[in-house]
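Please study the sequence and the three-dimensional structure shown below. The paragraphs that follow are meant to be read with both in view.

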Amino acid sequence: IELKSGILNIFLRTGIVFTQVDLWLGLSYCDGKWNEVTVSKEGSVISATMNELREQALEPRVQQLKVNSPVYVGGIPPEIQSFYRELGLEQGFGGCMKDVKFTRGAVVNLASVSSSAVRVNLDGCLSTDSAVNCRGNDSILVYRGKEKSVYESALQPFTEYLYRVVALNEGGSVSSAWTHARTRESVPQNVPTPSRAHSINGYSIEVTWDKPAGVIGVIEKYILKAYEADGPTVPITSTELADAGMLTGILRGLHPFTNYAVTLTACTLAGCTESLHALNISTPQEAPEDVQSPTAISFPTFLLMSWSPPKTPNGIITKYTLYMNGTPIYSGNGTKCVVKDLSVFTPHQFLLTACTLAGCTNSSQVTLFTAQLPPSHIDAPVLTVLDSRTIHVQWKEPVEVNGILDRYVIYLATNEQNFTKWNVIYNSTELFLDFTIPQLFPGTEYLIKIAACTGGGCSVSEASTAITDESTPEGVPAPKAQSYASDSFNISWTKPEYPNGIITSYGLYMDGVLLQNSSQLSCYAYGLAPWSLHSFRVQACTAKGCALGPLVEARTMEAAPEGMVDVFTSADGSKEVQLKWLAPNKPNGKLTYTVLVTGLFYADQ
């Protein structure tokens, strides 16, 4: 059924039979009153009636009409328009409709039985002045001229207008069919403040409002907004209500125990308008959220407990309850508590409950330990000498650890430093109970002690003593030979750099012959020839063997030569004499010669 250009068109298709009935109305329905339209099919007769006008068609082949699909009023959805190409479907229905009735059944309330509606006001007509917009006698000349288009302004919003064009010349005129157009809606004006609001709970409220008066157009949706009172101008939460027939909505996502200002926004296709004033409401308290677990400063025998208020109190906190190992140990408004008489480094389970008038919420359970102390005692280590350079150290775990054993530390001191300086030679978190100390010095006495450590400190044992096996000395020094007379040496030396045990004797070799073997660090050699060259070497011995030092050479001091110097002369001319001589039998040093000459010398005149 389609009303277009003053003609009511009825299209009926049953099977392959297509029937059309056209009822000419002109502008008779544009009288500002309700018009009754009846469409019927009785056997082979299809008829259409409006008020006193009637038209019918006879089609013997028409089949029985059975309606088993949805009935669309004002248009059909886009997804099925391709199946009805013979229909105009230029624009949806514009106007008012009421008291729709089928042959069987009562009058239909479109607002209650329709499954969906698009930009339709189901409450009836928006305006009663439509008569002046479509009656032929009341038509207004919009444009006269030679152009083929015109822009008309100053129209009423959301109002349907009929237009037709008359083309004329000196010979006459011709008119187009009537075509209709509807102006768009206007933005709503004077949107009222919500009339009532009540809290469902601390997180949502139900809001009721009155329908805005004087809205020209179809209200597409309502929007409820909640602002924090005295807060930012950005809404905390909002809710869109697409069913414009509903005048009640629920705002969710609010915070308990908070003051809100609630506004109503009404929207048409042209835009939205928010109410100038807001309705104030306070949400009730709820049980707290995000209750924080308690924390503690740990001491060996007590815990200093503390906690922070819930991140989301949702009201006024009336009390806190602190549970230890399932038993309440504190109840009150404070945020601190001291738990005494506890064992060293002992775990305890704690849980905090925070309450408002609306209820209580627990934190997550947390395990807290009292503080650690150093181990009570650790026995001295057991030392085993493996060889001249290695000692194996063994120890036992402390009986009372007083915490979590963190590491063992080995300290070592030697007799070379009078056992006053302790060096750390082992520090490991790998909790082994033995360690082999390498690269020690042979024949050396060592003091070794062990420390066991927890997070509370270290406990050090008594020292144990061990002496590495002796070995042959190393680093035997070269002797220092000094001659203060032409027939003797004073020879001295120092201890080996690494004695590797107890030195039992020193041997001094001169010219490869053992000159002295004693514990002395010096020797006097005499009865030697002046300026004679000799070699010296020191030998140091322990119980494990002897080692020789490097070889050095030295000479005795010089003495006066012994014997005669025989001189031989020969004349080489009237003015030259050649002298030759023989060295003394015993030079006793590095010789130099002096020649003395006496007599007359020739001089040039």
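The structure is a predicted model, in which local features need pLDDT of at least 70 and side-chain atom pairs count only at pLDDT 80 or more, while totals for chains, interfaces and linings use all residues. Residues are numbered from 1 along each chain as its sequence is written, and side-chain values use heavy atoms, with hydrogens and water left out.

The protein chain is assigned domain 1 (2–104), domain 2 (156–284), domain 3 (295–369), domain 4 (382–467) and domain 5 (470–604). Such bounds come from an automatic or database domain assignment. Between the C-alpha centres of domain 2 and domain 3 there is a separation of 51 Å.

Next come the strands. Helices (H or I, at least four residues) and strands (E, at least two) are DSSP runs, numbered from the N terminus. Two strands are said to pair if DSSP finds at least two bridges between them. In general, strands of a sheet pair through backbone hydrogen bonds, either parallel or antiparallel.

An open sheet is formed by three strands in the order β19-β20-β23, with antiparallel pairing. Its edge strands are β19 (295–298) and β23 (336–339), each of which pairs on one side only. From one strand to the next, the twist averages 25°; for such angles, axes are lines fitted to C-alpha atoms, for helices over the stretch in contact, and the angles run from 0 to 180 degrees between N-to-C directions. Strand β20 (residues 303–306) is joined to β23 by four bridges in the antiparallel sense, and Leu-304 stands opposite Val-338 in β23.

The loop between β20 and β21 contains Asn-314. Its phi is near 60°, a positive value in a residue other than glycine. Is Asn-314 buried or exposed? Asn-314 is buried, because its relative accessible area is 4%; buried means under 20% relative accessible area, exposed over 50%, and partly exposed in between (1.4 Å probe, protein chains only).

Strand β21 (residues 319–324) has two partners to examine. With strand β24 (residues 347–356), β21 pairs in the antiparallel sense over six bridges, and Tyr-320 stands opposite Ala-354 in β24. With strand β22 (residues 327–332), β21 also runs antiparallel, joined by five bridges. Here Met-324 has Thr-327 in β22 as its bridge partner. The hairpin of β21 and β22 has two residues between the strands, and Asn-325 takes a positive phi near 55° in this hairpin.

Another hairpin, that of β37 and β38, likewise has two residues between the strands. Strands β37 (505–510) and β38 (513–518) have Asp-511 in the loop between them. Five bridges connect β37 and β38, which run antiparallel, and Tyr-509 stands opposite Leu-514 in β38. Asp-511 has a positive phi of about 55° although it is not a glycine. Asp-511 counts as partly exposed, because its relative accessibility is 39%.

Attention now turns to the interior. In soluble globular proteins, nonpolar side chains tend to be buried together. A nonpolar core is a set of buried Ala, Val, Leu, Ile, Met, Phe, Trp, Tyr and Cys residues joined through side-chain atoms within 4.5 Å. The largest nonpolar core has 18 residues, and those with the most contacts inside it are Ile-391, Val-393, Trp-395, Tyr-408, Ile-410, Ile-437 and Ile-448. Which elements give two or more residues to this core? They are β28 (390–394), β29 (407–414) and β32 (445–454). The largest share, four residues, comes from β32. Apart from this core lies another, of 17 residues, among them Val-215, Ile-219, Tyr-260 and Ala-266.

Asn-9, in strand β2 (residues 7–14), is buried, with a relative accessible area of 10%. Its side chain makes a polar contact of 2.7 Å with the side chain of Asp-22. A polar contact is a pair of N or O atoms within 3.5 Å; within protein, one must be able to donate a hydrogen and the other to accept it, and residues adjacent in sequence count only if both atoms are side-chain atoms. By contrast, Arg-144 is exposed, with a relative accessible area of 66%. Arg-144 lies in the loop between α1 (110–113) and β7 (160–163). Its C-alpha atom is separated by 60 Å from that of Asp-230, 86 residues apart along the chain.
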